[in-house]
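Hello,

Here is the structure for you to look over. My notes follow below it.

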Amino acid sequence: MGKLEPENAEAIGSFLSDTSAKVFVAGHRGLVGSAIHRKLLALGFTNLLVCTHAELDLTRQADVEAFFAAERPRYVIVAAAKVGGIHANSTYPADFIAVNLQIQTNIIDAALRCADGAVRKLLFLGSSCIYPKLAPQPIPESALLSGPLEPTNEWYAVAKIAGIKMCQAYRIQHGLDAISAMPTNLYGPHDNFHPENSHVLPALIRRFHKAKVSCANEVVVWGTGSPLREFLHVDDLADAVVFLMDRYSGLEHVNVGSGKEVTIKELAEMVKEVVGFEGELVWDNTKPDGTPRKLMDSSMLAGMGWEAKIPLREGLADTYKWYVENVVDH
């Protein structure tokens, strides 16, 4: 049943050399899944399995089991998830916990039960929101379950924590080579630029672009701009996913970050410059700043020999170009 003891990891051979094997990328249309799909195609993988929601509803256990029985993928990457901002999490808490639990449980269990141990390796993707609200900074993997979660997204976080624990349990009890990666704040092509529920970086891109085309005099941003944040281009995450699929078979989840911090003020100035907005950037100090610092400790992954390659300014320019061509023009 896809069994592999961690100490025998070398016995499976290299993921990167197995380019003709079937690789199921669940969630290939999202921010993360689309980047992984692009990366695998660029590396010469010729047998990628992808399904739209209409073709395969991952919340339906029988459908997922039938898909695995028919396709028998050798590798599985779980990038499918129900995601959203603070407003969506607080409005639809049942959806965020139930849908995510269903998706990951169905896929991980089907991977185990696939005939003749067809699935050789599975990677589950989580999020930095799994960590306690008051976790030490930078946040090490060991901070998991060491304190209360941020209440605004605890439904999503609890589901993702369950996914990590399920991968660990299936490894311990069944020998399934299931690993987990926890990325920091991501950005890049296929991000969500919705005016109401996008994250800080795409929201800034959208607002500065709107101000530029309307010839506005200023853009007002909440807070003082002092909080520190870490951002990782989604193509760097895709590179890290391939690295881990190829090199890592351990019990513990792995943080994936850039290791570089930027203040919200520096970020806003950079976005302003990339977009080409020539008006004034105004800070509304009467509005809250949010958490002062949020940085992942990615030294475990760095110790394996991986590091992020895309500088923030270059990544922002790439993301803005994609936004103009795919969101604005459509």
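**What I found**

G279 touches N217 and K272, not counting residues up to four places away in sequence. Keep in mind that this is a predicted model. G279 sits in the loop between α8 (264-275) and β11 (280-284). I also checked G279 against L204. The two are 75 residues apart in sequence. In space they are 14 Å apart, C-alpha to C-alpha.

Next, the second largest pocket. Its space comes to about 190 Å³. The lining has 14 residues, and the closest to the pocket centre are F231, S258, K260, I310 and L312. Two elements, β8 (228-233) and β10 (261-263), each give two or more residues to the lining. The largest share, 3 residues, comes from β8. By class, the lining of this pocket has 8 nonpolar, 2 polar and 4 charged residues.

Last, N89. This residue belongs to helix α3 (residues 86-91). Is N89 buried or exposed? The relative accessibility of N89 is 2%, so N89 counts as buried; the cut-off for buried is under 20%. The N89 side chain reaches the backbone oxygen of G84 at 3.1 Å. G84 is also one of the residues in contact with N89 once neighbours within four places in sequence are left aside.

Best wishes

Note on methods: Residues are numbered from 1 along each chain as its sequence is written. This is a predicted model: local features need pLDDT of at least 70, side-chain atom pairs count only at pLDDT 80 or more; totals for chains, interfaces and linings use all residues. Side-chain values use heavy atoms; hydrogens and water are left out. Helices (H or I, at least four residues) and strands (E, at least two) are DSSP runs, numbered from the N terminus. Buried means under 20% relative accessible area, exposed over 50%, partly exposed in between (1.4 Å probe, protein chains only). A polar contact is a pair of N or O atoms within 3.5 Å; within protein, one must be able to donate a hydrogen and the other to accept it, and residues adjacent in sequence count only if both atoms are side-chain atoms. Contact means heavy atoms within 4.5 Å. On a 1 Å grid over the protein atoms alone, a cavity is a set of points where a 1.4 Å probe fits but cannot get out, and a pocket is an open set with protein on both sides within 12 Å along at least five of seven lines; lining residues have an atom within 4 Å of a point. Grid points are joined across faces, edges and corners, and a volume is the space filled by probe spheres set on the points. Ala, Val, Leu, Ile, Met, Phe, Trp, Tyr, Cys and Pro count as nonpolar, Asp, Glu, Lys and Arg as charged, and the others, Gly among them, as polar.
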